Amino acid sequence: MSKNGFHGWIFQRISTIIITLYALTYLSLVISMQTYDYLTWTAMHDATWFKVYSTVTLLIVMANSLLAGWQIGTDYTQKVPVAGFGVIFHSFYTLVSIAMLVFGLYILWVL
């Protein structure tokens, strides 16, 4: 099977829909709050369903980030006349994506 980017394109479209639905859910929860105090805010973020939904969305954001970095890297790093630039670029966005996932999970589940 040849790799023509179709699956990546489909994944990006589906992930964009999921991320948008998460943002709309989050906004609707914030707008529907009766009071804006610490207890209400922490109750919303402590609900297990919210943490699971946020975790799934965070995983999708990370996968989307990796795919976008790969697409940009394969398109543009070949044009940079510096030896090893592509490897450095791919390592950078991979580390940033992993750090985003680790810190996001830490914030969601530990703090």
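**Entry 1: Trp49**

I set aside the neighbours within four places in sequence and found Trp49 in contact with Thr25 and Leu29. I noted that the model is a predicted one. Trp49 has its place in helix 3. The partly exposed class lies between under 20% for buried and over 50% for exposed. I also checked a distance along the chain. Trp49 and Leu66 are 17 residues apart, and their C-alpha atoms are separated by 26 Å.

**Entry 2: Ser54**

I moved on to Ser54, which is also found in helix 3. Its relative accessibility is 6%, so I wrote it down as buried. What does Ser54 contact, leaving aside neighbours within four places in sequence? I found Tyr22 and Leu108. Then I looked up Ser32. Ser54 and Ser32 are 22 residues apart in sequence, and 18 Å lie between their C-alpha atoms.

**Entry 3: Asn64**

Asn64 has its place in helix 3 too. I read a relative accessible area of 14% for Asn64, so this residue is buried. Which residues does Asn64 touch, not counting those up to four places away in sequence? My list reads Phe11, Gln12, Ser15, Thr16 and Ile19.

**Entry 4: helix 1 against helix 3**

Next I looked at the pair of helices. I reminded myself that two packed helices are described by the angle between their axes and the distance between the axes. Helix 1 covers residues 6-31, and helix 3 covers residues 48-76. Their axes come within 10 Å. At what angle do they cross? I noted roughly 145°. The crossing of helix 1 past helix 3 is left-handed.

Then I listed the residues that meet. From helix 1 they include Gly8, Phe11, Ile18, Leu21, Tyr22 and Leu29. From helix 3 they include Trp49, Phe50, Ser54, Ile60, Asn64 and Gln71. I sorted the contact of helix 1 with helix 3 by class. It has 15 nonpolar residues, 9 polar residues and no charged ones.

**Entry 5: Thr40**

I turned to helix 2, residues 38-46, where Thr40 lies. Thr40 counts as partly exposed because its relative accessibility is 24%. I left aside neighbours within four places in sequence, and Thr40 was in contact with Met33 and Thr35. Thr40 and Val30 are 10 residues apart in sequence, and 9.7 Å apart from C-alpha to C-alpha.

**Entry 6: the whole chain**

I ended with the protein chain as a whole. How many helices and strands does it have? I counted 4 helices and 0 strands. From the N terminus on, I wrote the order as α-α-α-α.

The C-alpha atoms fill a box of roughly 55 × 25 × 20 Å along the principal axes. I noted a radius of gyration of 18 Å for the chain, while a compact globule of 111 residues would have one near 13 Å. Buried residues make up 24% of the 111 residues.

Residues 24 or more positions apart account for 65% of them.

Methods:
Residues are numbered from 1 along each chain as its sequence is written. This is a predicted model: local features need pLDDT of at least 70, side-chain atom pairs count only at pLDDT 80 or more; totals for chains, interfaces and linings use all residues. Side-chain values use heavy atoms; hydrogens and water are left out. Axes are lines fitted to C-alpha atoms, for helices over the stretch in contact, and angles run from 0 to 180 degrees between N-to-C directions. Helices (H or I, at least four residues) and strands (E, at least two) are DSSP runs, numbered from the N terminus. A crossing is left-handed if the near helix is turned anticlockwise from the far one by less than a right angle, and right-handed if clockwise. Contact means heavy atoms within 4.5 Å. Ala, Val, Leu, Ile, Met, Phe, Trp, Tyr, Cys and Pro count as nonpolar, Asp, Glu, Lys and Arg as charged, and the others, Gly among them, as polar. The radius of gyration is taken over C-alpha atoms; the globule rule is 2.2 Å times the number of residues to the power 0.38. Buried means under 20% relative accessible area, exposed over 50%, partly exposed in between (1.4 Å probe, protein chains only).
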